[in-house]
Amino acid sequence: MKLSVPGRVTATAVVATVSLLAGGSIAGAVPAGQPAVAAAPDIPVANVKAHLTQLQSIATANGGNRAHGRAGYKASLDYVKAKLDAAGFTTTVQQFTSSGRTGYNLIADWPGGDTNQVVMSGSHLDSVTAGAGINDNGSGSAAVLETALAVSRAGYQPTKHLRFAWWGAEELGMVGSRFYVNGLSTANRSRISGYLNFDMIGSPNPGYFVYDDDPAIEKTFKAYYAGLGVPTEIETEGDGRSDHAPFKNAGVPVGGLFSGADYVKTAAQAAKWGGTSGLAFDRCYHSSCDTTANINDTALDRNSDAVAYAVWELSQ
């Protein structure tokens with residue numbers, strides 16, 4: 001998650017032009033006479049953590065970070081792309097320039113589904129220069145990746161079209177996601193049924209926060225957590241500070257999950273969620289200690305399953 005107010009992006013070349021699809025109601029029911037779509041699979045937290053271990057190794061081998069314009073970021077993108085290519089996704093890399101450095105977005109489309117109705121899930125893949133960025137935002141990136149791989153393993157064929165994205169240079173002001181959204185025509189923006197954002201979902205002293213932007217998406221996430229008996233709160237700490245903001249500003253329905261950054265957990269929040277009151281949700285936010293040791297497995301597991309639940313529910 002970015003820390004400061006968005007700066008202006010200077011976007012240049014595109015490595016490969018993204019096929020810009022999407023549209024329709026995010027909460028459409030299954031038409032009469034069609035079989036119900038299978039329930040979302042459980043996302044193995046061990047698989048998500050294995051991706052985090054790889055991102056940590058990439059950072060360690062590349063100056064300790066995975067920041068925009070650095071070798072660690074490109075290596076992270078290459079890792080994710082290779083997994084998706086092997087799983088049968090159509091992947092596209094977008095290139096842009098910000099702060100004098102080249103950045104990249106990765107877009108992955110799952111074949112099939114109504115290309116006039118795209119359900120899109122995304123996360124930023126870059127870290128700050130101070131550290132490896134394993135919670136911020138390896139956690140969201142790994143959960144979105146494992147959900148995409150679960151789509152492939154299940155051979156899932158939803159009514160709507162599925163697209164996944166990993167954004168560059170979020171930490172500089174949502175640069176990559178703004179570049180993508182600004183490149184969409186008005187018609188293509190209107191075709192996007194919904195954009196789901198996952199930025200910091202494994203915080204070590206976690207809360208369970210749901211974006212309150214689009215009512216249908218919000219209801220979907222709340223239903224998942226109600227099924228677990230886990231109370232949620234409306235997300236306010238990161239409002240407008242992550243990659244959903246460019247989509248929202250363009251009129252696309254958005255939603256997402258968040259487990260907290262440098263805000264302090266209250267006694268009331270600790271009473272309902274556990275953890276330690278008086279301490280930040282993530283004391284290693286934007287710091288060198290944001291490593292694989294900076295993850296709460298329970299939060300990561302629950303939120304990863306919630307990603308898949310929403311993808312399945314909203315794409316029927």
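Trainee: Is cysteine 289 buried, partly exposed or exposed in this predicted model?

Mentor: The reading rests on relative accessible area: under 20% counts as buried and over 50% as exposed, with partly exposed in between. Cysteine 289 has a relative accessible area of 30%, so this residue is partly exposed.

Trainee: How many disulfides does a search of the whole structure find?

Mentor: The search finds one.

Trainee: Is the disulfide of cysteine 284 and cysteine 289 left-handed or right-handed?

Mentor: One reads this from the torsion about the S-S bond. For this pair the torsion is about -115°, so the disulfide is left-handed.

Trainee: Let us turn to another residue. Where is aspartate 297 placed?

Mentor: Aspartate 297 belongs to helix α9, which covers residues 297–314. With a relative accessible area of 36%, aspartate 297 is partly exposed.

Trainee: Which residues does aspartate 297 touch, not counting residues up to four places away in sequence?

Mentor: Under that condition, aspartate 297 touches Val45 and Lys49. With lysine 49 there is also a polar contact, made between the two side chains at 2.9 Å.

Trainee: How far apart are aspartate 297 and glycine 202 in sequence and in space?

Mentor: Sequence and space are read separately. These two residues are 95 residues apart in sequence, while their C-alpha atoms are 6.9 Å apart in space.

Terms used
Residues numbered from 1 in each chain as written. Predicted model: local features only at pLDDT ≥ 70, side-chain atom pairs only at ≥ 80, totals over all residues. Heavy atoms only, no water. Disulfide = S-S within 2.5 Å. Buried < 20%, exposed > 50% of the residue type's maximum accessible area, 1.4 Å probe, protein only. Helix = DSSP H or I, 4+ residues; strand = E, 2+ residues; numbered from the N terminus. Contact = heavy atoms within 4.5 Å. Polar contact = N/O pair within 3.5 Å; in protein donor to acceptor, adjacent residues only side chain to side chain.
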